[in-house]
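Good morning, and thank you for making the time. I would ask you to keep the sequence and the model in view while I speak.

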Amino acid sequence: MTSTHHTPADSALTPLRRARERFLTGRPLPDGVPDEVVAAWRRARFLGVPHDLGQPATAPARPADSALLGAARPVLERLAPALGAGRSLLLLTDHRLRVLWTGGGIPGLEPCSDLSEQEVGNNSAALAARTRHRAEVHGPEHFLDRWQDLSAVSVPVLAPDGGQLVGTVSVVTELCGGCPPHPGAALAEAAAHAVEVVLLARSHTTERALLDAYRRATQGPDRAVAVLDGRNRLLSPAAERLLSPQALAALERRAVAVRRQGTPVDVVRLPEDAGCTARVTPVRHEGAVIGLVALLDPLADPGCPEPRRSTSLAGSSVAWRHAVARALALAGSGGPLLLAGERGTGKTALARQLPGGRSARVVDAAEGGELSCVHAELLRGKPVLLRHAERLSQPGVAALNSLLDTHPHAPLLVTYTPGAPPGPCLQRLLDTLAARSVSLPALRERSEDMGELLSTLAPRPVPGRAPLAWTLDALRALEQHPWPGNITELAHVVRTLAEHRRVSGPVRRAELPDPVREGPAERRLSTIEHAERAAILDALRRHGGNKARAAAALGIGRATLYRKLRSYQG
């Protein structure tokens, strides 16, 4: 779209227009250009997007049967009349930023079928998908010439269970200014939230269909059956014993492919050390493929050992299972991965269990690890585990940013412990890895995993002695302790007790260290408060930490949400 009518908004963006012209002609940029805008222009150039791009010759194929489109179409068609005649455009994309639905229109604006940065450069939908937050792009912030007179706002649509990105909703208008909020922001937010509500309602019927399929396939406790859709999983006891984390991740990737394509294969290729094979059939609901049933058969070799569950993967809480499943899925798809969390949450241990983690070269920035070997290994396609990214020097972070700019799919595993505010270079690295990051929950957020962790952390008993056990009172004290050192601190307590204990029988509360035995200083939450806190934390995870959207999903005001969070912390 082009225009000869210059608005006040256009005048406000004139310095940015001149900066873009200098960028496109290879001249030095003036001071004051936002770093994120320059980075977006550079990504477009690196990806080979021509700034004078016309309409792509061939449009990418839309999914034949999209659950997102089925849920969103009635919502968007109700909202479309609010756009105004010929002044705005409402767009829906899937998680790959393929345009699934459009409403309204702008004179002179040709429709676009793919909003990924690889195809069209910087735009609000790609920015929202990467950051998981509402994003706006105005005029010259776009890379394409034909979008210089447009303003757009996009809001991510997240899955109701797990918080995965499933699409974006965008409102596009003629240029309206260079600072938020975009006049269509409220409409985009309302549309995205309404679509998520419909997805949540539909997910309940989907879960019932999966449960019915599981019941039909399971004929006694000895049959190894897994029913999955990429978000939910139902495993028989035999399947839990048989499946390693890597094999389960392979099945979940196949479940996602089955749900999107509807063309499953009879046998899923599992990792070589899985110890079993899987025969899969689709689960259908209302004419659509929603998941798969996998019948597992152990390999003929009777000596094939059962996979051992490591400490880094122990735990059945929702927060921990979600983090591990997301890490396995991202690592299995190739490319860099950022594991973030408090000290002692098991970031390095989990990285070691991921595909490529066992063979990765380990470089520790806290110990002055040499980054030149990181570059050499990554350029050869060898995996590297970089620990303590927060301790990198500024030149080291800059070098790593440059490498990821030119090799965005490098097999790099990074651990990061949040603390002091990151500098500009480190923040850019975190932004680059944001879409491929996993936040590990603190131990105090997964107290229901305490029993399983204690069993895994306890050393093997010496011959003639019983394994370490715990009284209910001691277990309650362990669950209530805040554990600032997380699993590392818990492991030290368990190891010390196992080595120095001279009495027999279960460990009693009196034997625990003073801080653990005496319990936290803050007040204990009531049963109702525990339930409220769990619901709020779950809503925050599903909405990427966005408190406004979490409050709306819970049906409470944002001020109420803040007040409750403060009361739980105090």
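**Overall organisation and local detail**

Among contacts in the protein between residues at least 6 apart in sequence, 63% join residues at least 24 apart, where contact means heavy atoms within 4.5 Å. The model is a predicted one, in which local features need pLDDT of at least 70 and side-chain atom pairs count only at pLDDT 80 or more, while totals for chains, interfaces and linings use all residues. Residues are numbered from 1 along each chain as its sequence is written, and side-chain values use heavy atoms, with hydrogens and water left out.

The protein has 21 helices and 15 strands; helices (H or I, at least four residues) and strands (E, at least two) are DSSP runs, numbered from the N terminus. Of the 570 residues in the protein, 46% are buried. Buried means under 20% relative accessible area, exposed means over 50%, and partly exposed lies in between, with a 1.4 Å probe and protein chains only.

Let me turn to confidence. The mean pLDDT of the protein is 81, and 85% of its residues reach 70 or more; pLDDT is the predictor's confidence in each residue, from 0 to 100. Confidence is highest in strand 3 (residues 135-138), at a mean of 94, and lowest in helix 1 (residues 8-12), at 58. For residues 1-8 the pLDDT is below 50, and this stretch has 12 contacts in the model beyond near neighbours in sequence. Residues 301-311 also have pLDDT below 50, with 15 contacts beyond near neighbours in sequence.

I come next to the nonpolar cores. A nonpolar core is a set of buried Ala, Val, Leu, Ile, Met, Phe, Trp, Tyr and Cys residues joined through side-chain atoms within 4.5 Å. Which members of the largest core touch the most other members? They are Trp41, Leu115, Trp147 and Val172, in a core of 32 residues. At least two residues of this core come from each of helix 2 (14-24), helix 3 (35-46), strand 1 (88-94), helix 6 (124-131), strand 4 (150-158) and strand 5 (165-174). Helix 3 gives the most, with four residues. Beyond its neighbours within four places in sequence, Val172 is in contact with Arg87, Ser88, Leu89, Leu91, Ile106, Leu150, Ser151 and Ala152. A second, separate core has 24 residues, including Leu378, Leu404, Leu426 and Leu429.

Now to a pair of helices. The axes of helix 15 (residues 450-457) and helix 16 (residues 472-480) come within 10 Å and cross at roughly 105°. Axes here are lines fitted to C-alpha atoms, for helices over the stretch in contact, and angles run from 0 to 180 degrees between N-to-C directions. Helix 15 and helix 16 are therefore roughly perpendicular to each other, since angles of 65 to 115 degrees count as roughly perpendicular, those under 35 as roughly parallel, those over 145 as roughly antiparallel and the rest as oblique. On the helix 15 side, Met450, Gly451 and Leu454 meet Leu475, Leu478 and Glu479 of helix 16. The residues of this contact divide into four nonpolar, one polar and one charged. In this scheme Ala, Val, Leu, Ile, Met, Phe, Trp, Tyr, Cys and Pro count as nonpolar, Asp, Glu, Lys and Arg as charged, and the others, Gly among them, as polar.

Is Trp483 buried or exposed? Trp483 is buried, with a relative accessible area of 1%, and its phi is near 50°, a positive value in a residue other than glycine. In helix 17 itself we find Leu490, which is buried at a relative accessible area of 0%. Not counting residues up to four places away in sequence, Leu490 touches Leu443, Met450, Leu453, Leu454, Leu457, Leu478 and Trp483.

His388 is in the loop between strand 13 (384-387) and helix 13 (394-406), and at 22% relative accessibility His388 counts as partly exposed.

Finally, I would point to Glu196 in helix 7 (residues 185-217). Glu196 counts as buried, at 6% relative accessibility. Leaving out residues up to four places away in sequence, Glu196 touches Pro156, Val157, Leu158, His543 and Arg549.
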